[in-house]
Amino acid sequence: MNNREVIDVNAVYNEYLTGYPLGHLAVGWTTKETQYKRFEALFGIGVADNTSLLDYGSGLGHLNDYIDHNGYQGIKYTGIDINPNYVGYSALRYPDKKFLCLDIENITENFDYVVGSGVFTVIVGINDVIKKIEKAYSICNKGVAFNFLDKKSDLYPLNLYDPKELVDRLSHLSNVEVIDNYLINEDFTIYLKK
């Protein structure tokens with residue numbers, strides 16, 4: 001077991017939360033613009049008005065700001081995060097939205113789409129990533145979209161991923177589409193559609 005496996009992921013994110021205001025930096029993103037580019041890539045799977053959406057690793061619920069900013073209507077939003085501090089702040093910031101403090105394995109209802117932005121960035125092994133995406137796919141009606149930091153970036157010690165490996169490991173579920181044209185070599189998004 002290496003040191004990265006014994007680090008508490010909540011402790012890592014609580015440092016962001018206590019060190020920065022409740023904006024993009026408090027969830028570890030460098031700029032609001034890049035955060036929104038990531039959200040746009042996630043929504044490219046087909047998220048539209050009047051769909052149900054599970055935001056896995058919802059952080060501070062910033063995806064709701066993106067939804068409002070872009071004029072989406074009637075999205076039934078649920079956010080889940082394992083960090084109780086993020087869930088508490090999110091519930092205060094967006095009282096009309098549903099936020100739960102749990103991991104995806106505990107979700108039993110279905111959603112049109114399951115999306116995750118940055119959920120696999122800190123201290124997650126590849127086998128757990130695959131298992132969690134398999135669970136997300138099992139509870140979606142239309143598709144899942146997740147973004148990842150690309151191994152071509154220089155963002156170590158964060159978790160960096162090889163798009164080809166994810167395609168190979170997830171192709172048993174569906175055709176895996178890789179979107180990588182929005183942040184040069186820093187980031188890519190995968191789609192698995194039903």
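Reply: V144 stands opposite L192 in β7, where a strand is a DSSP run of E of at least two residues and a helix a run of H or I of at least four, numbered from the N terminus. β5 and β7 run antiparallel and are joined by seven bridges, and two strands count as paired if DSSP finds at least two bridges between them. This is a predicted model, in which local features need pLDDT of at least 70 and side-chain atom pairs pLDDT 80 or more, while totals for chains, interfaces and linings use all residues. Residues are numbered from 1 along each chain as its sequence is written, and side-chain values use heavy atoms, leaving out hydrogens and water.

Both strands belong to an open, mixed sheet of seven strands, in the order β3-β2-β1-β4-β5-β7-β6. At its edges lie β3 (98-101) and β6 (176-179), each of which pairs on one side only. From one strand to the next the twist averages 20°, taken between N-to-C directions of lines fitted to C-alpha atoms (for helices over the stretch in contact), with angles from 0 to 180 degrees.

β5 (140-149) and β7 (187-193) also each supply at least two residues to the largest nonpolar core, which has 27 residues. Such a core is a set of buried Ala, Val, Leu, Ile, Met, Phe, Trp, Tyr and Cys residues joined through side-chain atoms within 4.5 Å; buried means under 20% relative accessible area, exposed over 50% and partly exposed in between, with a 1.4 Å probe and protein chains only. Among the residues with the most contacts inside this core are F146, F148 and I190, and α6 gives the most to it, with five residues. F146 touches, among others, V114, F120, I133, F188 and I190, not counting residues up to four places away in sequence, contact meaning heavy atoms within 4.5 Å.

In α6, the buried residues are V129, I130, K132, I133, A136 and Y137. Seen down the helix axis, they fall within an arc of 165°, so they line one face of α6; the arc is that of the directions from the axis to the C-beta atoms. These buried residues pack against β1, β4, β5, α7 and β7.

Beyond β5, in the loop between β5 and α7, is L155, which is partly exposed, with a relative accessible area of 25%. Leaving aside its neighbours within four places in sequence, L155 is in contact with L149, L160 and E186.
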